[in-house]
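Morning, everyone. I have one structure to walk through today. Let's bring it up and get going.

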Amino acid sequence: RSMDNYVDKNNVIVETADYAASVNTTTPVITADPGDPKQVTIKVENVGNFPDDFNLEVEGPPGWGPNISPSILSDFQPHFPRDDITLWVEVPSDAPAGVHVVTIKATPSEYGINPSLTYAIGSCPIEFHINRKMEVKITPVLSAQEGEENDELTYNIKILNKGNDEDKYQI
């Protein structure tokens, strides 16, 4: 499915532009566990009317550190798609369960230089569905106690939720 989004410099959706890119992937939804490394192939096409250099940027949640390569497409000719672009994401080990979005943008280097031409930034959001991780750590807080037969002794325990989502525990 195509995730193209052509937006001009005034944030208006346009159908065609002198300088524009189409960005998409065949895997717009990825399921992952916290700490998983993920790699996604991205396809970019110059759908404008002229060759240009395109800068590729990637935005993601804080701490995710997504990386894209190559990050510049030089002398990119119209209508010759590139499908050798790779997005790498290291899902943080403390990533909360739920949906997180990483977005790839392709911006023509000529963007906004000549007001008589039209420009469009191509973008593609990728949803990362992070699985719920259930983990609990129970540690007794030991104290020396003495008692006779049938005496009731009380001990404290510490319970730590080591998962990536809120949870309830019953002991």
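Start with Tyr19. Is Tyr19 buried or exposed? Tyr19 is buried, because its relative accessible area is 10%, and the cut-off for buried is under 20%. Keep in mind that this is a predicted model. Now look at Phe50. Phe50 has a relative accessible area of 35%, so Phe50 counts as partly exposed.

Why put these two side by side? By the rule used here, there are three aromatic pairs. Tyr19 and Phe50 make one of them: the ring centres are 5.4 Å apart. The planes sit at 35 degrees, so this pair is tilted. Where do the two residues lie? Tyr19 is in strand 1, residues 19-24. Phe50 is in the loop between strand 3 (37-46) and strand 4 (52-59). The pair therefore ties together parts that are 31 residues apart in sequence.

Next pair: Trp64 and Phe128. What kind of pair do their rings form? The centres are 5.7 Å apart and the planes are at 75 degrees, so the pair is edge-to-face. This pair, too, links distant parts of the chain. Trp64 is in the loop between strand 4 and strand 5, and Phe128 is in strand 10, residues 122-130. They are 64 residues apart. Both Trp64 and Phe128 are buried.

In what order do its strands run? The order is 5-7-3-1-9: five strands, an open sheet, mixed pairing. Which strands are at the edges? Strand 5 (67-69) and strand 9 (119-120), and each of them pairs on one side only. Zoom in on strand 5. Strand 5 pairs with strand 7, residues 82-90, in the antiparallel sense, over three bridges. Within that region, Ile68 stands opposite Leu87, which is in strand 7.

Now for Lys168. Lys168 sits in the segment after strand 12, and strand 12 covers 156-161. Is Lys168 buried or exposed? Lys168 is exposed, because its relative accessible area is 78%, and exposed begins over 50%. How far is Lys168 from Ser109? Their C-alpha atoms are separated by 52 Å, and the two residues are 59 apart along the chain.

Last topic: confidence. The mean pLDDT of the protein chain is 85. Of its residues, 91% reach 70 or more. Where does pLDDT stay under 50? Over residues 1-5, for which the model has 18 contacts beyond four places in sequence.

Technical notes: Residues numbered from 1 in each chain as written. Predicted model: local features only at pLDDT ≥ 70, side-chain atom pairs only at ≥ 80, totals over all residues. Heavy atoms only, no water. pLDDT = per-residue confidence, 0-100. Contact = heavy atoms within 4.5 Å. Helix = DSSP H or I, 4+ residues; strand = E, 2+ residues; numbered from the N terminus. Buried < 20%, exposed > 50% of the residue type's maximum accessible area, 1.4 Å probe, protein only. Pairing = 2+ DSSP bridges. Phe/Tyr/Trp six-rings, centres within 6.5 Å; stacked < 30°, edge-to-face > 60°.
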